[in-house]
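The structure goes in first.

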Amino acid sequence: MFNTVRMVLVETSHPGNIGAAARAMKVMGLQRLYLVNPQLFPHAEATARASGADDVLAGATVCASLDEALVGCGLVVGASARLRRLSIPQWDPRQCAERMVEGIAAASGEAAIVFGREHSGLTNDELGRCHQLVHVPSNPDYSSLNLAAAVQVIAYELRMASGASAVETVGGGEQETLATADDMARFYQHLQQTLEDIGFLDPENPRIMMQRLRRLFNRARPNEVEMNILRGILTAAQKQRFGASRSTRR
Ligand code: SAH
């Protein structure tokens, strides 16, 4: 579990928070830190706040987009300080950790927990990439933890859960392989294109429908075989519409 869960921080403004998050991870035994467009990194303030966890900082992967940070992940969990209108299934940190450790999460190898910006959290587009949300129960009138504090609570629960049950289920033989975040991203592109091709989706305004469809398919957690079936259906629909030449399988 410790090698298969990555913490992804999206567009963090304060380098001190990056350092404090690295420290929070290391004390709980986690190492894999991904930074999507950090405003200031590397930075002396990050190193100072990391204290002895500068190895986690030095090993951090800096990415230009969230999609890049999620490549290879079979489970993506978004950490959210508030409830959203288009609700995605939600765990508290304990449920989140237990489910991840049980290996449901790790069936296809890796899992990510995504943390938002200090001022504005995660966008709806970013939440659309998440299978689940994790929310630290808190005062409804003041529910937002400091970024590194949120990392700490969730990492702590992961550690507790990992001690309580068999951890290493990754690659456990007969388990089905879930579609990864990058498979899902390609599928959503293909789905949107096909729905436009057959006149179901208004190309000027695809947002709400695509968000709802993402929510549906993220909930279903398709495996690789199911993903191939879905992609085959889309290709067949495109062939019907345009003939063999125009169908696109990306
Ligand atoms: N003002 C922002 C809060 C950002 S706090 C907002 O309203 O969304 C920075 C990040 O810390 C959040 O995006 C989230 O990933 C994490 N976080 C803060 N409080 C949290 C909570 N109660 N539960 C889960 N994650 C939380």
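I sorted the lining of the largest cavity by class and got six nonpolar, three polar and three charged residues. In this sorting, Ala, Val, Leu, Ile, Met, Phe, Trp, Tyr, Cys and Pro are nonpolar, Asp, Glu, Lys and Arg are charged, and the others, Gly among them, are polar. The model is predicted, so I kept to its limits: local features need pLDDT of at least 70, side-chain atom pairs need pLDDT 80 or more, and totals for chains, interfaces and linings use all residues. Numbering runs from 1 along each chain as its sequence is written, and side-chain values use heavy atoms, with hydrogens and water left out.

Which residues line the largest cavity? I listed Asp-67, Leu-70, Val-76, Gly-128, Arg-129, His-131, Ala-181, Met-184, Ala-185, Tyr-188, Arg-214 and Asn-218. Helix 8 (181–197) and helix 9 (207–220) each supply at least two of the lining residues. Helix 8 gives the largest share, four residues. Helices (H or I, at least four residues) and strands (E, at least two) are DSSP runs, numbered from the N terminus.

I noted a volume of about 90 Å³ for this cavity. The structure holds two cavities of 30 Å³ or more. A cavity is a set of points, on a 1 Å grid over the protein atoms alone, where a 1.4 Å probe fits but cannot get out; a pocket is an open set with protein on both sides within 12 Å along at least five of seven lines; lining residues have an atom within 4 Å of a point. Points join across faces, edges and corners, and a volume is the space filled by probe spheres set on them.

**Pocket and ligand**

Next I turned to the largest pocket. Its space comes to about 400 Å³. I found 23 lining residues, with Ser-80, Ala-81, Arg-117, Ser-144 and Leu-145 nearest the centre. Helix 7 (residues 147–164) gives the most to this lining, three residues. By class, the lining has ten nonpolar, nine polar and four charged residues.

What takes up the space of the largest pocket? The ligand does. I counted 20 residues around the ligand (a heavy atom within 4 Å). Ala-79, Arg-82, Val-136, Ser-143 and Leu-145 come nearest. This shell divides into eight nonpolar, nine polar and three charged residues.

I then checked polar contacts (pairs of N or O atoms within 3.5 Å). A backbone N or O atom of Ala-79 lies 2.7 Å from a ligand oxygen. The protein covers 92% of the 550 Å² of accessible area that the ligand has on its own (Shrake-Rupley method, 1.4 Å probe).

Most peptide bonds are trans, and most residues other than glycine have a negative phi. I found a cis bond joining Phe-41 and Pro-42, with omega about -5°. Pro-42 lies in the loop between strand 2 (32–36) and helix 2 (44–50). Glu-11 has a positive phi, near 45°.

Terms used: A polar contact is a pair of N or O atoms within 3.5 Å; within protein, one must be able to donate a hydrogen and the other to accept it, and residues adjacent in sequence count only if both atoms are side-chain atoms. A molecule sits in a cavity or pocket if more than half of its atoms lie within 2 Å of its grid points.
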